[in-house]
Amino acid sequence: MDDTATAVPDRILDGRGSFCPGPLMELIRGIRESTPGTVLSVYSSDSGSKSDIPKWVAKAGHRLIGVFPRDGYDEIIVEKTH
Amino acid sequence: MQRILILGGGVGGTLTANLLAKQLRRDLKTGDVSLTVVDETGQHTYQPGFMYIAMGGERAENLQRPERSLLDSRVNLVVGAVELVDEATQTVHLADGQRLGYDELVLATGCRIVPEAVEHFDTEAHHFYSAEAALELRHALDSFRGGTIVIGIAGMPYKCPPAPLEVAFLIEAELRQRGLREQSGLHFCSPIGRAFSIESVSEMVTPILEQKGIELHTFFNVETIDPTRKVIHSLEGEELAYDLLILVPPHKGQQFLIDSGLAPAPGGWLPTDRATLQVGGRQHIYALGDATDLPLSKAGSTAHFEAPVVAERIAATILGRDLDPKHSDYTGKVMCFFEVGDGKGTLLQFDYEHPPKPPRPNQLWHLGKVVFNKTYWHTVPKGRV
């Protein structure tokens, strides 16, 4: 079974190639625009996102579903919890 | 007749119109093509100048010119507010009842600020995202005699990502010059885990923040204002007290784009192809500038480098020729200046594939920004740079 099979994103935020404002900013935008329970997937080609995004998710109290390496980018899946 | 309709007379709309006027001059002359810009006010505003109104070095009247004066004479200008895009009939409805048909549509509709989305913003917070608000902030700074200044961001995305940090540096320099620095605390709230999204820039500015005594609060996205206790709360659950509060207001795309089914609520950002700039897979509708949902700086510079792609694609369609590979796809190019205070600045230049490598801040890049601001009217909208 694919590791994301249980977490189909409701919304994809394609932050690949984004240096300014950056993939985390895209996620924050997505979280602000979504309702609790929404699963968001962020695509990032910035290697820093693998640590930046989980840190923010933990601080903001949302749920990190996982960080998955894809072809030339990472997919980071997050559930908005509140 | 082929009808090209451009909604919005900002950087993206004006430059696209002028580039198309050059490429299609014969067809415009024979009447085989019409080219029309629709703008709500008929005035073109140089928005990067707002920050300098707040900093005391600019006046609102210098930041506006009639849109007509910037457009090629072959471009029609209609002044009016758009209410709806009817895709079924390829018609745009204006508030005054006019109906404008199109074969190629360009959405250069920018974005709008919605400070009212944060309760108590209007009575507690200042900003610099309109000429009027920037002037009010100037007055607040003039009457400031010491205390705690907090600079934060109350929504994502917002125009010009470096601007809040630039304002922090410029205010710090002003307080020092006015002899108010010792009795003032200055706090900068960053939405992410460092001072600025671009890591190399962050590494460059963090020591400057420390040296200037500006306290950095990371992972602090401003969520609510408590006017009684004079504190702001973050999305991440922290709070910070203020005497003078400067917040970037929330931004949204235009409501008529949501009403027309072109952009999803609540943000109203147009789903835009990162290379072709077509909207939601539509062959004949393009978006550029602040209106798109692309993960790029909402800045005039982005629109500046997108406009040649939109113009090239429309011209090639109308002329029935192949695309010029030089301008067929947008590469994510953005270039902007970044002020660090004390008359110094640096340059950020990047695209989808290449992160920025900013030079060490110096006076040259600060002067570059000054010159660019002064010469803007003669260069960017007319396609000369």
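Student: Before we start, what counts as a nonpolar core?
Tutor: A nonpolar core is a set of buried Ala, Val, Leu, Ile, Met, Phe, Trp, Tyr and Cys residues joined through C-beta atoms within 7 Å. Buried means that 20 or more other C-beta atoms lie within 10 Å of the residue's own, with C-beta atoms placed from the backbone. This is a predicted model, where local features need pLDDT of at least 70, side-chain atom pairs count only at pLDDT 80 or more, and totals for chains, interfaces and linings use all residues. Residues are numbered from 1 along each chain as its sequence is written, and chains are lettered from A in the order in which they are written.

Student: OK, how many residues does the largest nonpolar core have?
Tutor: It has 87 residues, and L27(A), M51(B), F128(B) and I246(B) are among those with the most contacts inside it.

Student: Which helix gives the most to this core?
Tutor: Helix α7 of chain B, residues 163–177, with eight residues; helices here are DSSP runs of H or I, at least four residues, and strands are runs of E, at least two, numbered from the N terminus.

Student: And where does the core lie relative to the domains of chain B?
Tutor: Between them, because domain 1 (2–111 + 253–334) and domain 2 (117–250) both give residues to it. The domain bounds come from an automatic or database domain assignment.

Student: What is M51(B) in contact with, neighbours within four places in sequence aside?
Tutor: F128(B), A134(B), A163(B), E166(B) and V167(B). Contact means C-beta atoms, placed from the backbone, within 7 Å.

Student: Switching to chain A: how many residues of chain B are in contact with it?
Tutor: 27 residues of chain B, against 22 residues of chain A.

Student: Now strands. In which order do the three strands of the open sheet in chain B run?
Tutor: The order is β15-β16-β17, with antiparallel pairing; strands pair if DSSP finds at least two bridges between them. β15 (222–226) and β17 (239–241) of chain B are at the edges with a single partner strand each, so one side of each has no neighbour in the sheet.

Student: How many bridges join β15(B) and β16(B)?
Tutor: Four, with β16 covering residues 231–234 of chain B. D226(B) has V231(B) as its bridge partner in β16(B).

Conventions. Buried ≥ 20, exposed ≤ 12 C-beta atoms within 10 Å, placed from the backbone. Contact = placed C-beta atoms within 7 Å.
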